[in-house]
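Trainee: I would like to go through this model feature by feature. Please give the general idea each time, and then the case at hand.

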Amino acid sequence: RAVAMSVSHSSRLNKLVREQYMRLPQDGSVQVTYVWIDGSGEGVRCKSRTLEKEPKSIEDVPEWNFDGSSTAQAEGSNSDMFLVPVRMFRDPFCLDPNKLVLCEVLKYNRKPAETNLRHTCKKVMDLVKDSHPWFGMEQEYTLLGINGHPYGWPDNGFPGPQGPYYCGVGADKVYGRDIVESHYKACLYAGVKICGTNAEVMPSQWEFQVGPCEGIEMGDHLWMARFILHRVCEDFGVVATLDPKPMTGNWNGAGCHTNYSTEEMRREGGLKHIEAAIEKLSKRHDYHICVYDPRGGRDNSRRLTGHHETSNIFEFSAGVANRGASIRIPRQVGQDGYGYFEDRRPAANCDPYAVTEAIMRTTVLNETGVETKDYADH
């Protein structure tokens with residue numbers, strides 16, 4: 001009974017009835033679901049429309065609009081916002097030929113909405129494209145029942161201490177694997193560059209990895225992977241939270257560790273370029289902390305305590321194979337002398353556009369201090 005009460009009512013509808021309708025032919029019409037980031041900078045929204053034929057590229061998907069006053073993005077008196085399609089994926093929920101389309105949000109005057117961080121990220125990625133930046137982001141998240149309590153945890157109390165849960169197997173060690181495996185398959189079908197998944201240190205906490213992606217592709221693929229996660233969880237009747245510290249106390253928080261390299265770092269002798277980039281990052285710690293969660297570092301202050309495999313938010317550190325450092329150089333990279341490094345500071349609810357843009361501004365464009373340069377005129 002406790003398990004049944006922790007899932008949503010809609011998840012208990014008869015899904016076989018739905019399948020009867022999903023098998024009906026579409027006679028050439030295509031359902032396109034537009035996905036965008038709302039005014040919170042963390043939530044995703046979606047709505048669908050019919051196109052008369054299957055779009056073959058993103059240019060075949062028309063712009064659309066929505067009511068920004070209902071997503072905390074506009075006033076009711078001037079509420080229309082533009083949806084500008086930027087990347088198209090296959091739809092794992094309605095299946096081929098239907099599509100999921102990630103969109104940028106523009107205001108009535110065609111300027112980017114406040115939470116449209118893709119706009120400046122794209123400018124920066126275009127500037128640094130010759131360095132061929134690759135990213136891989138490790139998205140941690142926690143499954144909650146509809147009551148807000150971690151899924152599978154006792155109603156009154158806590159599970160046993162951390163230890164057996166990380167990469168665990170068994171009904172007493174992992175909760176919600178059906179969701180994780182469904183999400184993985186849905187991402188593969190969609191064309192999202194998901195590259196792995198594992199159970200995390202806190203029970204009911206999981207991680208999936210997206211990458212390697214080059215430039216702006218990183219943010220696009222991670223945001224769509226997040227949308228698919230929330231949509232899969234909706235079917236199962238549970239909630240995925242990206243809160244960086246969903247449970248206070250002696251429990252691991254949730255991050256979005258960001259692996260990064262440029263072409264010169266990936267070549268033989270690249271370690272010196274890795275070390276040079278880390279040196280630049282060490283002098284701009286405050287700026288990065290500010291953009292690594294949606295609240296200017298306040299969310300990460302709950303997570304980056306120096307405990308539970310995190311660095312201290314007030315100090316910059318780096319080391320080989322050190323999961324308690326701000327920046328970790330993998331042991332293999334240290335041995336080979338080339339490869340990539342991992343920035344462990346971004347929070348689970350970070351905007352990947354903001355994170356990847358900040359890394360490029362500091363390590364390739366050589367910005368310093370807390371102010372950023374406007375490249376609009378260059």
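Trainee: Where is the place of Cys 167?

Mentor: Elements come from DSSP runs, numbered from the N terminus: helices are H or I runs of at least four residues, and strands are E runs of at least two. Cys 167 sits in the loop between β6 (134-144) and α4 (177-190). Before going on, note that this is a predicted model, where local features need pLDDT of at least 70, side-chain atom pairs count only at pLDDT 80 or more, and totals for chains, interfaces and linings use all residues. Residues are numbered from 1 along each chain as its sequence is written, and side-chain values use heavy atoms, with hydrogens and water left out.

Trainee: What is phi of Cys 167 near?

Mentor: Most residues other than glycine have a negative phi, and most peptide bonds are trans. Phi of Cys 167 is near 55°, a positive value in a residue other than glycine. Ala 321 also has a positive phi, near 60°, and is placed in the loop between β11 (318-320) and β12 (327-329).

Trainee: How many disulfides does a search of the whole structure find?

Mentor: A disulfide is a pair of cysteine sulfur atoms within 2.5 Å. The search of the whole structure finds zero. For Cys 167, the nearest cysteine sulfur is that of Cys 195, 14 Å away. For Cys 256, the nearest cysteine sulfur belongs to Cys 350, at 4.1 Å, and Cys 256 is in no disulfide.

Trainee: Is Cys 256 buried or exposed?

Mentor: Buried means under 20% relative accessible area, exposed means over 50%, and partly exposed is in between (1.4 Å probe, protein chains only). Cys 256 has a relative accessible area of 0%, so it counts as buried. Cys 167 is partly exposed because its value is 42%. Ala 321, at 27%, is partly exposed too.

Trainee: What does His 257 touch?

Mentor: Contact means heavy atoms within 4.5 Å. Not counting residues up to four places away in sequence, His 257 touches Gly 136, Met 137, Glu 138, Glu 140, Arg 303, Glu 342, Asp 343 and Arg 344. His 257 lies in strand β10 (residues 256-261) and, with a relative accessible area of 7%, is buried.

Trainee: With which side chain does the side chain of His 257 make a polar contact?

Mentor: A polar contact is a pair of N or O atoms within 3.5 Å; within protein, one must be able to donate a hydrogen and the other to accept it, and residues adjacent in sequence count only if both atoms are side-chain atoms. The partner of His 257 is the side chain of Arg 344, at 3.5 Å.

Trainee: Which backbone oxygen lies 2.8 Å from a polar atom of the side chain of Thr 356?

Mentor: That of Pro 352. Thr 356 is in helix α11 (residues 352-363) and is buried, with a relative accessible area of 0%. Beyond four places in sequence, Thr 356 touches Cys 121, Met 125, Phe 135, Met 137 and Met 218.

Trainee: How many salt bridges does a search of the whole structure find?

Mentor: A salt bridge is a side-chain nitrogen of Lys or Arg within 4 Å of a carboxyl oxygen of Asp or Glu. The search finds 26. One of them pairs Arg 87 with Asp 220, 2.7 Å from N to O. This pair links distant parts of the chain, with Arg 87 in strand β4 and Asp 220 in helix α5 (residues 217-236), 133 residues apart. Arg 87 is partly exposed at 22% relative accessibility, whereas Asp 220 is buried at 0%.

Trainee: Which side chain meets that of Arg 267 in a salt bridge?

Mentor: The side chain of Glu 263, at 3.4 Å from N to O. Arg 267 counts as partly exposed at 48% relative accessibility, and Glu 263 does so at 31%. Elsewhere, salt bridges that share partners join Glu 42, Asp 243, Arg 295, Asp 299 and Arg 302 into one network.
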